[in-house]
Amino acid sequence: MEFWFVWLIRAAWLAGISPILIASIPSPKLSKFRGFIVGFAGRGKTLRSSSKKFTVPQKFFGHFYIVGVAWTTLLLVTTWRYAYETAPLSSEKLHFPDVASHLTGGSHVFSFHKSRLTPLEHRFNVWKTVFLLLLMESQVIRRLIESVYVFKYSPSARMHIFGYFAGLFFYTAAPLSLCANIAPEVARFVGNQVAEFIAKGKGHTSAPGFDLWLSVNPLMKLGWLQWFGAAVFFWGWSHQRSCHSILGSLRERSDQGNEYVIPHGDWFEIVSSPHYLAEIVLYSSFVIASGGRDINVWLLFGFVVANLTIAAGETHRWYHRKFENYPEKRRAIFPFFY
């Protein structure tokens, strides 16, 4: 079960990345395919007129974050409970030599066989997964709040229905990818708990014990990679929040129609889509915090980079068509490069 579950997630990410990479090949023979992909990715001001037939209101973006918060919370609570019950780290700490060995091949992440971890390494991985889900939770909660209080979508703003379903997929698959390697065992744990509850009945089932310190202390014992990853995460998190606030302030009322101005401030001074750049920084932190050894996280990151790069390119070209005085030094998404 574990084998097919993990590879199903990997296949899904590869299916999402491949068309974008093909569309990025600068070949005239692929121009129609490129237009096809860009049409699906367009939304709001970048949505092409030829793609407006199958669209939904852009304010449906809020649905992504409702799904993201509900799903990530469920995964976080069940994984944290599983970690608390089965993976204590109250008196142990995974020392640097163990981590170094683990990162240089001990996990066999590219192997077709399940890695052979020591009990201590396995417990470390379980709590590391809790840590990653905590970061993801802080991201989707903030995005949900922004969708309600910061962004004021124009009533005419639309997005392609394919992009809508792609967004729902992303906020389901992204948190699942962060815990894919232990999700089957967490599911078995939860299933056993439910079966025990049903078999014994509520009156014969004692309330599970809980110690706040024991549920938090193992997170303090994680390594420097996890905390460096967290620092990178909140660096991107804070800049994305700032850039979203700038975008939200450009339209004081949602009924202002299609009036656009050039945004300024924060990373807008160097790229046209700094909120996308910040998103890439955010998801690079998951690669760092996971130790750079989880192919599921790498594929998640690859999808984010590919998807946002093509979207940022369209946004950059739209700005140049719209404004004659658009800052020439700004790049699309990667400073001084693209």
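**View 1. Packing of helices α10 and α11.** Helix α10 (residues 274–289) packs against helix α11 (residues 295–322) at an angle of about 170 degrees, and their axes are 9 Å apart. Axes are lines fitted to C-alpha atoms, for helices over the stretch in contact, with angles running from 0 to 180 degrees between N-to-C directions. The two helices, α10 and α11, are therefore roughly antiparallel (an angle over 145 degrees). On the α10 side, Y276, E279, I280, Y283, S284, F286 and V287 meet residues of α11, among them V297, W298, L300, F301 and V304; contact means heavy atoms within 4.5 Å.

This is a predicted model, in which local features need pLDDT of at least 70 and side-chain atom pairs count only at pLDDT 80 or more, while totals for chains, interfaces and linings use all residues. Residues are numbered from 1 along each chain as its sequence is written, and side-chain values use heavy atoms, leaving out hydrogens and water.

**View 2. A nonpolar surface patch.** F54, I161, F162 and F165 form this patch, with about 420 Å² of accessible area together (Shrake-Rupley method, 1.4 Å probe, only the protein chains shown counting as cover for residues). F162 lies in helix α6 (residues 161–178). At 47% relative accessibility, F162 counts as partly exposed, the class between buried (under 20%) and exposed (over 50%).

**View 3. The whole chain.** The chain has 11 helices and two strands (DSSP runs: H or I of at least four residues for helices, E of at least two for strands, numbered from the N terminus). Of its 338 residues, 46% are buried. The chain exposes about 17,600 Å², with 66% supplied by carbon and sulfur atoms.

Note on methods:
Patch = residues over 30% accessible without salt bridge, like charges linked within 9 Å, V, L, I, M, F, W, Y side chains within 5 Å. Salt bridge = Lys/Arg side-chain N within 4 Å of Asp/Glu carboxyl O. Buried < 20%, exposed > 50% of the residue type's maximum accessible area, 1.4 Å probe, protein only. Parallel < 35°, antiparallel > 145°, perpendicular 65-115°, else oblique.
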